[in-house]
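Work through the exercises below with the sequence and the 3D structure in view.

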Amino acid sequence: CLAALGQGWGIRLLWAIAAGCIPLIHSSPVSSWFDELLDYDSFALRALPKFDMPRLPQLLGAVGDEQQARMHTSLLRHRPLFLWAPQGG
């Protein structure tokens with residue numbers, strides 16, 4: 001799932017994580033939340049710079065089934081760090 005820039009990139013990242021979809025974080029100079037603490041590479045893909053986007057199909061095609069399975073397992077392990085239920089429900 002694409003977590004592209006917009007009004008900040010955070011909401012699209014949260015939507016991808018909530019959906020259980022491996023996020024594709026668009027290349028940007030902006031650091032991800034808790035970037036220094038979380039191993040984003042274990043559960044997310046980093047996209048190419050905008051000028052190099054025509055190579056995106058190659059990037060995605062290079063991710064094998066085993067790597068996708070590992071990343072999805074890691075995503076589910078990290079998901080509670082991004083999503084939480086309000087108190088009382």
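**Exercise 1.** Find how many aromatic pairs a search of the whole structure gives, and describe the pairs that involve Phe43.

Solution. The search of this predicted model finds three aromatic pairs, where rings of Phe, Tyr and Trp (its six-membered ring) pair if their centres lie within 6.5 Å, with planes under 30 degrees apart counted as stacked, over 60 as edge-to-face and the rest as tilted. Tyr40 and Phe43 form a tilted pair, at 5.2 Å centre to centre and with 35 degrees between the planes. For Phe43 and Phe82 the ring centres are 6.0 Å apart and the planes stand at 65 degrees, so this pair is edge-to-face. The Phe43–Phe82 pair links distant parts of the chain, since Phe43 sits in the loop between strand 2 (24–25) and strand 3 (45–46) while Phe82 belongs to helix 3, 39 residues apart; helices (H or I, at least four residues) and strands (E, at least two) are DSSP runs, numbered from the N terminus. Tyr40, Phe43 and Phe82 together form one aromatic cluster.

Residues are numbered from 1 along each chain as its sequence is written. Because the model is predicted, local features need pLDDT of at least 70 and side-chain atom pairs count only at pLDDT 80 or more, whereas totals for chains, interfaces and linings use all residues, and side-chain values use heavy atoms, with hydrogens and water left out.

**Exercise 2.** Decide whether Phe43 and Phe82 are buried or exposed.

Solution. Buried means under 20% relative accessible area, exposed over 50%, and partly exposed in between (1.4 Å probe, protein chains only). Phe43 has a relative accessibility of 0% and therefore counts as buried, and Phe82, with a relative accessible area of 5%, is buried as well.

**Exercise 3.** Work out which residues of helix 1 are buried and where they lie around the helix.

Solution. In helix 1 (residues 10–18), the residues Gly10, Leu13, Leu14, Ala16 and Ile17 are buried. Viewed down the axis of helix 1, these buried residues fall within an arc of 160 degrees (the arc of the directions from the helix axis to the C-beta atoms), so they line one face of the helix. Their cover includes strand 1, strand 2 and helix 3.

**Exercise 4.** Identify the order and the pairing sense of the strands in the sheet.

Solution. Three strands make an open sheet in the order 1-2-3, with parallel pairing; two strands pair if DSSP finds at least two bridges between them. Strand 1 and strand 3 are the edge strands, each pairing on one side only. Strand 1 and strand 2 are joined over two bridges, and the bridge partner of Ala3 in strand 2 is Ile25.

**Exercise 5.** Describe the surroundings of His78.

Solution. His78 is found in helix 3 (residues 65–82) and counts as buried, because its relative accessibility is 14%. The side chain of His78 reaches the backbone oxygen of Ser74 at 2.8 Å. Not counting residues up to four places away in sequence, His78 touches Leu38, Ser42 and Phe43, where contact means heavy atoms within 4.5 Å.

Notes:
A polar contact is a pair of N or O atoms within 3.5 Å; within protein, one must be able to donate a hydrogen and the other to accept it, and residues adjacent in sequence count only if both atoms are side-chain atoms.
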